[in-house]
Amino acid sequence: MASEGGEKPDVGSNQVGAAAVVKKLPKGVWVVPLLRVVAFLATLAATIVMGINRETKTIVVAVIGSTPISATLTAKFQHTPAFVFFVIANTIASFHNLLMLAVGYFGNKFDFKGLRLLLIPILDMNIVALVSAGAGAAVFMGELGRKGNSHARWNKICDKFESFCDHGAGAFIACFVGLFLLMIINVISILNLRNHLKYSPTNYSALP
């Protein structure tokens, strides 16, 4: 029973206010799906370009007297574990973005107490870590192939396999574009989770 001279709290208006706040949250609802589509295309392009990257050349490996000895050599991504890791990481990232697009479209029907909003940032962070590791390893080997290492006596190969190195550089660029977009998506996902917790209809203390 309300105290004399006091005002009875209007629970109904609080609930309406909370619902109104929640409805205001999904501003730019197409921003994240659009970023995911572009990130998916970027990581998919990186996967395909590196996966089909192959160049075969016949080069002179020795000269005996006046007779050159030639050998046919092939450069492909399977020869370097770092490039294999790069392809695997970008493939997983591509499937991840497809899965998150499906979750974003159908997830509301199967969401359980906002669990979807918690899992998405966690998965996004794991994919960002995976892609950044794959990109870092691949770029290191690409730089080694382009410039070599005189201290370790590792010769550069990009002077002989120019096309292979150029296609690899294109895959790196596409990967870093996808990685940058994934980082933005991850930040947005965390902010969405924060807003969901802050403006939850049961959290009346967050209302003005």
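## Getting your bearings

Colour by secondary structure and follow the chain: the order of elements reads α-α-β-β-α-α-α. That comes to five helices and two strands. Keep in mind that you're looking at a predicted model.

Before zooming in, a few whole-protein numbers. There are 208 residues, and 31% of them are buried. Of the contacts with a sequence separation of 6 or more, 73% are between residues 24 or more positions apart.

## Stop one: the core

Now hide the surface and look inside. The largest nonpolar core is made of 28 residues, and Met50, Phe83, Phe86 and Val131 have the most contacts inside it. Select α2 (31–51), α3, α4 and α5: each of these helices supplies at least two residues of this core. Which helix gives the most? That's α5, with 10 residues. As background, nonpolar side chains in soluble globular proteins tend to be buried together.

## Stop two: the aromatic pairs

Stay inside and show the side chains of Phe83, Phe86, Phe164 and Phe172, which form one aromatic cluster. The protein has three aromatic pairs in total. Start with Phe83 and Phe164: their ring centres are 6.4 Å apart and their planes sit at 55°, so this pair counts as tilted. Phe83 belongs to helix α3 (residues 81–110) and Phe164 to helix α5 (residues 162–198), so the pair ties together parts 81 residues apart in sequence.

Are these two buried or exposed? Phe83 is buried at 7% relative accessibility, and Phe164 is buried too, at 6%.

Slide over to Phe86 and Phe172. Here the ring centres are 5.6 Å apart with the planes at 80°, so the pair is edge-to-face. Phe86 is in helix α3 and Phe172 in helix α5, so this pair links parts 86 residues apart in sequence. Phe86 has a relative accessible area of 0%, so it counts as buried; Phe172 is buried as well, at 13%.

While you're here, go back to Phe83 and bring up its surroundings. Leaving out residues up to four places away in sequence, Phe83 touches Met50, Phe77, Ala138, Met141, Gly142, Phe164 and Phe172.

Helix α4 (residues 115–147) is the top contributor, giving five residues to the patch. Met125 has a relative accessible area of 41%, which means it's partly exposed.

## Last stop: a strand residue

Finally, pick Thr72 in strand β2 (residues 67–76). How exposed is Thr72? Its relative accessible area is 52%, and the cut-off for exposed is over 50%, so Thr72 counts as exposed. Setting aside neighbours within four places in sequence, Thr72 contacts Thr56, Lys57 and Thr58. For one more distance, run a C-alpha to C-alpha line from Thr72 to Val60: they are 12 residues apart in sequence and 8.8 Å apart in space.

Key: Residues numbered from 1 in each chain as written. Predicted model: local features only at pLDDT ≥ 70, side-chain atom pairs only at ≥ 80, totals over all residues. Heavy atoms only, no water. Helix = DSSP H or I, 4+ residues; strand = E, 2+ residues; numbered from the N terminus. Buried < 20%, exposed > 50% of the residue type's maximum accessible area, 1.4 Å probe, protein only. Phe/Tyr/Trp six-rings, centres within 6.5 Å; stacked < 30°, edge-to-face > 60°. Core = buried A, V, L, I, M, F, W, Y, C linked by side-chain atoms within 4.5 Å. Contact = heavy atoms within 4.5 Å.
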